[in-house]
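This briefing covers a predicted model.

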Amino acid sequence: MLERVKEIYQEIEHFDVQTKEQLEQFRLRFVAKKGVVAELFDSLKQVPQEDRRAVGQELNSLKDLAQQRFTDYKATLENSQEETASAVDLSLPVVPNQTGAIHPLSLVRQQIIHIFERIGFSVADGPEIETDWYNFGALNFADNHPARDMQDTFFVEKKSEGSAADVLLRTHTSNVQIRLMERQKPPVRAIMPGRVYRNEAISARAHCLFHQVEGLYVDRNVGFKDLKDTLYHFVKELFGKDTQIRFRPSFFPFTEPSAEIDISCLICKGKGCNVCKYTGWVEIAGSGMVDPNVLTNCGIDAEEYTGFAFGMGIERIAMLKYQIRDLRLFTENDVRFLRQFEGA
Ligand code: PHE
């Protein structure tokens, strides 16, 4: 019996407890009710009467040792866990968290929308794949107008020369003006942001895919003054109060009269630089009074109603506002470029 007690002493001394699992094994073997120590206590009855007291004492100190070790191991394990938790050094510099930024085109698009929403314009949307009628015909483009030419327009399906059913990628968002006027009777007051396509060689100033925002206001007694007031307000909100504006006579098939809108160059403040080609002015939009033929094409009485429309390129506005010199940067996804608009 004493031999067995000695063996278990040895075993306890050499039992390795580094993990929770080992601690549990230790408990089951030496501390638990069905463990080896408890087993020895059970067999104490078989020890002759005269030795029982001595063996009993040995067994008691064996039991104490097992219990003591168990408590110690447990405490050590718990402490070491606390140490790992407190090993986080809060004074270390933080590794920067890489978050995305809003794309400059989305940013400018949103700014434009906000300005017009505040003066009562809603936002309208329409298809990018369109028929000739909605992109050209209804907008009063003559059959032989050069903009219908293959050079400018990506055709998806050509039915016959100049057919109203030809399918194409829209070259401007004016198609949404037509679709809106078809389904909504005046007053119509909306802006149409969207993607447009033109078959142009890609360069620092041109791309085959870009974005526009067009605006349309049709009601009784809408005059050129309303167009001017609206665009003056818009330019001053977007580019600042000191920005100068000028209207230059122009031509669009769907507006009469038509005007192009220039603003004073933001970079040289009108003094002359290479961005404004030393004129002090940069063009930002086309505009005009909606041609009565367009209203008639949409089933609106052109005797009763008049309207104005305008359209601008979002890329161009973004380039002026943030002084971006190359249009291709918008589509290259270079994070060094995009990250500059974080928090803008
Ligand atoms: N649709 C014209 C363009 O794409 C812009 C424009 C819109 C001009 C409305 C006048 C009125 O260039």
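**Strand pairing**

- Strand E3 and strand E4 (residues 167-169) run antiparallel and are joined by two bridges.
- Within E4, Val167 is the bridge partner of Glu157.
- The order E2-E4-E3 describes an open sheet of three strands, with antiparallel pairing.
- E2 and strand E3 (155-157) are the edge strands, each pairing on one side only.
- On average, neighbouring strands of this sheet are turned by 35° against each other, direction ignored.

- Seven of the ten residues of helix H7 (residues 174-183) are buried, so the helix is mostly covered.
- Ser174, Asn175, Val176, Gln177, Ile178, Leu180 and Met181 are the buried residues of H7.
- These buried residues pack against strands E2 (129-131), E5 (188-197), E6 (209-219) and E10 (306-313), as well as helices H6 (132-135) and H9 (292-297).

**Nonpolar cores**

- The largest nonpolar core comprises 44 residues, and those with the most contacts inside it are Phe116, Phe234, Phe239, Ile263, Ile284, Phe308 and Phe330.
- Two or more residues each come to this core from helices H5 (104-118), H8 (224-239), H10 (314-322) and H11 (335-338), and from strands E6, E8 (255-264), E9 (281-290) and E10.
- H5 gives the most to this core, namely seven residues.
- Another core, of 25 residues, lies apart from the largest one and includes Tyr134, Met192, Val290 and Ile300.
- Beyond its neighbours within four places in sequence, Ile263 is in contact with Val235, Phe239, Thr243, Gln244, Ile245, Gly280, Trp281, Val282 and Ile284.

Conventions:
Residues are numbered from 1 along each chain as its sequence is written. This is a predicted model: local features need pLDDT of at least 70, side-chain atom pairs count only at pLDDT 80 or more; totals for chains, interfaces and linings use all residues. Side-chain values use heavy atoms; hydrogens and water are left out. Buried means under 20% relative accessible area, exposed over 50%, partly exposed in between (1.4 Å probe, protein chains only). Helices (H or I, at least four residues) and strands (E, at least two) are DSSP runs, numbered from the N terminus. Contact means heavy atoms within 4.5 Å. A nonpolar core is a set of buried Ala, Val, Leu, Ile, Met, Phe, Trp, Tyr and Cys residues joined through side-chain atoms within 4.5 Å. Two strands pair if DSSP finds at least two bridges between them. Axes are lines fitted to C-alpha atoms, for helices over the stretch in contact, and angles run from 0 to 180 degrees between N-to-C directions.
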